[in-house]
Amino acid sequence: MKKLVIQGNKPLTGEVTISGAKNSVVALIPAAILANSPVTLEGVPDIKDVHSLIEILEIMGVKTTFNKNTLMIDPTNIASIPMPTGKINSLRASYYFMGALLGKFGEGVVGLPGGCNLGPRPINLHIKGFEALGATVTNEHGAMYLRTDEEGLVGTRIFMDMVSIGATINVMLAASRAKGRTIIENAAREPEIIDVATLLNNMGANIRGAGTDEIRIDGVDELHGCRHSIIPDRIESGTYLALAAAAGNGVLVKNVIHEHLESFIAKLQEMGVQLDIGEDSIYVHPTKNLKPITVKTYPYPGFATDLQQPLAPLMLKAQGSSEIIDTIYPKRVNHIPELVRMGAKARIEGSMMILEGTDQLQGAEVVASDLRAGASLVIAGLMAEGTTKISQVDHILRGYDHIIEKLTAIGADIKMIEE
């Protein structure tokens, strides 16, 4: 079993460079199969989810080369075959192959998606969107079968019952090749949606309004290859900003688009964290005398659900009682009992997490139950006295590119061991 071992309470100084956005790249890679010639993605993070997607592409007959954060995808000889369930079940974003295969072939078979266990995350909105475009979707033996008749996909108006990044992107992928115009109403507005729309437009699609709550897509007959640079990962950015505030002695976080983090930065400043915000970097000053805050997660541009867990250890440094309410994934609380093992005064009351200021966390054996809970425990381990051992580290490696190297470079004592 792999474990991360952290010797805590070391002063962290220097700089960290943020990688490309995980939540973009897991959609950009499936989107690339819509092209009829090679697509090159730049700034691809070297994370487990990317390698899983590459394996899926290769099973489908798509050639790939991945070198120094540049991924070339050549879908010229792609075969529309049933998707392997093993890799599909390891990551949730494999569901983007549904929209991509529908757009490319008018049909597809995709195993039901997995990923972090954050409570119910149904794909009924995706299915509703595909059906509105004219597809039939059936669940047979644990796989989704997607089919169209001779007419294929036809553009239409689709209202999303709730804001969903996944469903917005999936419908966008399918509709980019549908006949006529598709309008997605109540669309998600995240930066990753704009990133995917930018790639598709560079490939020859006709998509307008990405980043607003109404996206208009005029279908085209074919899409071609292109080069595309991925946006920086706003969740990784927020994680390192929280880490720098919690355990840093002056840390510069580079390759950041601060406009993507406005609600998060506002909360850090409300706590009393001093930040120097540059054009594409943020310097985090050493912190003292932090104030407690209340955080409530909302869809973008609200406070991101993915950042409430990484922020929790910093809240333990505040003088008083802080609160977190996750309106998106109310069951995203598994980091709290693990922080308590490390001496945190924290508890769950109904839909609220309450964190009291604590003098010093102590190293302990803890479990990363999901990706962002793992990030929370890494930050807590860096703050704590003594040794912290984190198991189930595969969750962390799914989403954080070269986390050990990046932390070692700023003075952390962190290593991976096999037990």
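Biologist: How many salt bridges are there?

Modeller: The count comes to 20 salt bridges, a salt bridge being a side-chain nitrogen of Lys or Arg within 4 Å of a carboxyl oxygen of Asp or Glu. Please note that this is a predicted model, in which local features need pLDDT of at least 70 and side-chain atom pairs count only at pLDDT 80 or more, while totals for chains, interfaces and linings use all residues. Residues are numbered from 1 along each chain as its sequence is written, and side-chain values use heavy atoms, with hydrogens and water left out.

Biologist: Which residue forms a salt bridge with Lys 3?

Modeller: The partner of Lys 3 is Glu 419, and their closest N and O atoms are 3.0 Å apart. This pair links distant parts of the chain: Lys 3 belongs to strand E1 (residues 2-7), whereas Glu 419 is in the segment after strand E23 (413-418), 416 residues apart. Helices (H or I, at least four residues) and strands (E, at least two) are DSSP runs, numbered from the N terminus.

Biologist: Is Lys 3 buried or exposed?

Modeller: Lys 3 counts as buried, because its relative accessibility is 10%. Buried means under 20% relative accessible area, exposed over 50%, and partly exposed in between, with a 1.4 Å probe and protein chains only.

Biologist: And what does Lys 22 form a salt bridge with?

Modeller: Lys 22 forms one with Asp 49, the closest N and O atoms being 3.9 Å apart. Lys 22 lies in helix H1 (residues 22-32) and Asp 49 in helix H2 (residues 48-59), so the pair ties together parts that are 27 residues apart in sequence. Lys 22 is buried, at a relative accessible area of 7%, and Asp 49 is also buried, at 3%.

Biologist: Then Lys 267 and Glu 270: how many residues apart are they in helix H9?

Modeller: They are three residues apart in helix H9 (residues 262-271), which means that about one helical turn separates them. Lys 267 is buried at 19%, whereas Glu 270, at 39% relative accessibility, counts as partly exposed.

Biologist: Which residues do salt bridges that share partners join into one network?

Modeller: That network consists of Lys 3, Glu 365, Lys 389 and Glu 419.

Biologist: Changing topic: what is the order of the open sheet of three strands?

Modeller: The order is E6-E8-E7, with antiparallel pairing; two strands pair if DSSP finds at least two bridges between them. Strands E6 (107-111) and E7 (136-140) are the edge strands, each pairing on one side only. Neighbouring strands of this sheet are turned by 15 degrees against each other on average, direction ignored.

Biologist: Which helix packs on that sheet?

Modeller: Helix H4 (residues 96-105) packs on the sheet and touches E6 and E8, where contact means heavy atoms within 4.5 Å. The direction of H4 makes about 160 degrees with that of E6. Axes are lines fitted to C-alpha atoms, for helices over the stretch in contact, and angles run from 0 to 180 degrees between N-to-C directions.

Biologist: How many bridges are there between E6 and E8?

Modeller: E6 and strand E8 (residues 143-147) pair over five bridges.

Biologist: Finally, what do E15 and E16 form?

Modeller: They form a hairpin with three residues between them. Strand E15 (residues 275-277) runs antiparallel to E16, joined by three bridges, and Asp 276 stands opposite Tyr 283 in E16. Strand E16 (residues 281-284) is also joined by four bridges to strand E14 (residues 248-254), again antiparallel, with Lys 254 and Ser 281 as bridge partners.
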